[in-house]
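Q: Hi! Could you walk me through the charged pairs in this one?
A: Happy to, let me bring it up.
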Amino acid sequence: MDLKSTLLVVGGSACSFKLLNAVIRFLPTPELARKKSWRWRNISTSLAHSSLAGSWAVLCFYLRPHLLEDLISSHSLLSHSLVAVSTGYFIHDFLDVALNQSCKRSWEVILHHSAVLSCFSFSVTSHLFVGYSVVSLLVEINSVFLHIRQLLLLSGRRNVPGSDITAPRPSVTYRVISWLNLGTLLVFRVCTLAWMTRWLAAHSERMSRYVLMMGTVGLSLISIMNMVLFYRLLRADFLPSTHNTSNDH
């Protein structure tokens, strides 16, 4: 795609996710989630993006496996479109979070999205590192289960009905999602980002100083955030002493 078409896709994507967010407002919402209606809409929209981007990234490598051989200059219309659509989503979510949450609660998301947008914007406008960006979107496979977990918490469906007061017991659905969330986090967040870091170091001589710095800073920030996320999930779902932590995790 040329620059004009790319900008149209990015803008169209941002508007589409904004429209989806507005449509969710009129869909049935669990009673407990109505108290945090904005958060319910935001996470539901994020789930839609994660489902789309994760499956789309897998499809890109399935149809053109040679993308992995050259993550810098090789790309297809499908992979370039994916990065453009995801760029639009992150623009929407950045604005949605910044306008509806306090800085104290949203700084992590804003920092994460700023790093992603810096890298993705460069990729879609220069047509470089598109394959590398698609690899990073494999992380969205884990985000599917992360967002489902958050929706279960918001809707009050973590525990077996009637067990909340006496002896809270996680439901079968929540336990399955928790294990899938932890497993895919290790594979698609920790392992994928470790591979991306190794690849960046091995090919540093092929990059300009600016690109190398941008990639290093972005990967470092996101890797630290993923380690914090991993610890929070362990503490909330798998460590008995702190099993009943806040639903915000």
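A: What follows is a chat about the salt bridges in this predicted model.

Q: Nice. How many salt bridges does a search of the whole structure find?
A: The search turns up three salt bridges.

Q: Which residue does Arg149 meet in a salt bridge?
A: Arg149 pairs with Asp237, at 2.8 Å from N to O. Arg149 sits in helix H6 (residues 140-154) and Asp237 in helix H8, so this bridge ties together parts 88 residues apart in sequence.

Q: And is Arg149 buried or exposed?
A: Arg149 is buried, at 1% relative accessibility.

Q: OK, switching over to Glu108. What does Glu108 form a salt bridge with?
A: With Arg232; the closest N and O atoms are 3.3 Å apart. Glu108 belongs to helix H4 (residues 103-126) and Arg232 to helix H8, so parts 124 residues apart in sequence are tied together.

Q: How accessible are those two side by side?
A: Glu108 is partly exposed at 25%, and Arg232 is partly exposed at 30%.

Q: What about Arg206 and Asp70, where do they lie?
A: They meet in a salt bridge at 3.7 Å, N to O. Arg206 is in the loop between helix H7 (172-202) and helix H8 (209-237), while Asp70 is in the loop between helix H2 (37-63) and helix H3 (77-100), 136 residues apart.

Q: Are they buried or partly exposed?
A: Arg206 is partly exposed at 46% relative accessibility, and Asp70 is partly exposed at 21%.

Methods: Residues are numbered from 1 along each chain as its sequence is written. This is a predicted model: local features need pLDDT of at least 70, side-chain atom pairs count only at pLDDT 80 or more; totals for chains, interfaces and linings use all residues. Side-chain values use heavy atoms; hydrogens and water are left out. A salt bridge is a side-chain nitrogen of Lys or Arg within 4 Å of a carboxyl oxygen of Asp or Glu. Helices (H or I, at least four residues) and strands (E, at least two) are DSSP runs, numbered from the N terminus. Buried means under 20% relative accessible area, exposed over 50%, partly exposed in between (1.4 Å probe, protein chains only).
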